[in-house]
Amino acid sequence: MPSMWRSCSKCGRVHRADYKCTAYIAPKDRTADQRLRSTSRWQKKSEEIREASQHLCAVCRHQDQRFNYNNLEVHHIIKLKDEPSKLLDNFNLVCLCKYHHELADAGKIDASYLEELARCREEGKDPPTLQR
């Protein structure tokens with residue numbers, strides 16, 4: 001009787017069905033930031049910030065006078081690696097499109113400007129004209 005073969009989920013090779021593969025795939029080491037962002041509390045807070053921002057990028061809306069609702073992400077103004085306690089702080093969170101999020105992460109959008117946008121969102125005010 002011919003033996004059965006199967007693809008191995010551990011190493012990706014094809015083995016006989018009765019073969020016990022000894023390969024071990026270690027789980028990817030997640031950073032503390034990734035662990036914090038995978039919690040249900042963060043998921044709920046992220047959706048809360050998006051809703052409070054009317055599902056629009058704050059920078060596009062304020063600076064470009066555009067209503068951009070594509071590729072939205074919630075940005076931590078003060079990075080979690082620097083201040084993990086700010087994970088759920090509304091005044092540290094701002095809704096940005098992917099483009100502006102990348103600029104903010106690279107330091108090309110001033111943190112004080114983003115803080116002002118977050119503060120105005122929380123107070124229900126339109127942000128004044130600000131310098132980037």
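Predicted model: local features only at pLDDT ≥ 70, side-chain atom pairs only at ≥ 80, totals over all residues.
H62 counts as buried at 16% relative accessibility, where buried means under 20% relative accessible area, exposed over 50% and partly exposed in between, with a 1.4 Å probe and protein chains only. H62 belongs to helix α3; helices (H or I, at least four residues) and strands (E, at least two) are DSSP runs numbered from the N terminus.

Residues are numbered from 1 along each chain as its sequence is written, and side-chain values use heavy atoms, with hydrogens and water left out.

**Overall make-up**

- The protein contains five helices and four strands, arranged along the sequence as β-β-α-α-α-β-β-α-α.
- Of the 132 residues in the protein, 31% are buried.
- Contact means heavy atoms within 4.5 Å; among contacts between residues at least 6 apart in sequence, 51% join residues at least 24 apart.

**Helix α2**

- Helix α2 covers residues 40–52, which is 13 residues, and spans 18 Å from its first C-alpha to its last, close to the 18 Å expected at 1.5 Å a residue. The expected span is 1.5 Å times one less than the number of residues.
- W42, K45, S46 and I49 are the buried residues of α2. Seen down the helix axis, they fall within an arc of 105°, so they line one face of α2; the arc is that of the directions from the helix axis to the C-beta atoms.
- An α-helix has 3.6 residues a turn, so residues three or four places apart point the same way.
- The exposed residues S40, K44 and E51 sit on the face of α2 turned away from its buried side.
- Q54 follows α2 and has a positive phi, near 60°.

**Helix α4**

- The buried residues of α4 are H100, H101, L103 and A104. Viewed down the axis of α4, these residues fall within an arc of 160°, so they line one face of the helix.
- The partners against which the buried residues of α4 pack are α3, β3 (72–76), β4 (93–97) and α5.
- H101 lies in α4, which runs over residues 98–105, and counts as buried at 13% relative accessibility.
- Neighbours within four places in sequence aside, H101 is in contact with E73, V74, H75 and L96.

**E116 in helix α5**

- E116 is found in α5 and is buried, with a relative accessible area of 18%.
- E116 and N92 are 24 residues apart along the chain, and their C-alpha atoms are separated by 9.9 Å.

**Largest pocket**

- The largest pocket has a volume of about 330 Å³. On a 1 Å grid over the protein atoms alone, a pocket is an open set of points where a 1.4 Å probe fits, with protein on both sides within 12 Å along at least five of seven lines. Its volume is the space filled by probe spheres set on the points, which are joined across faces, edges and corners.
- Lining residues have an atom within 4 Å of a point; there are 16 of them, and R61, R121, K125, D126 and P127 lie nearest the centre of the pocket.
- Helices α3 (58–63) and α5 (111–123) are the elements that give two or more residues to this lining.
- The lining divides into eight nonpolar, four polar and four charged residues. Ala, Val, Leu, Ile, Met, Phe, Trp, Tyr, Cys and Pro count as nonpolar, Asp, Glu, Lys and Arg as charged, and the others, Gly among them, as polar.
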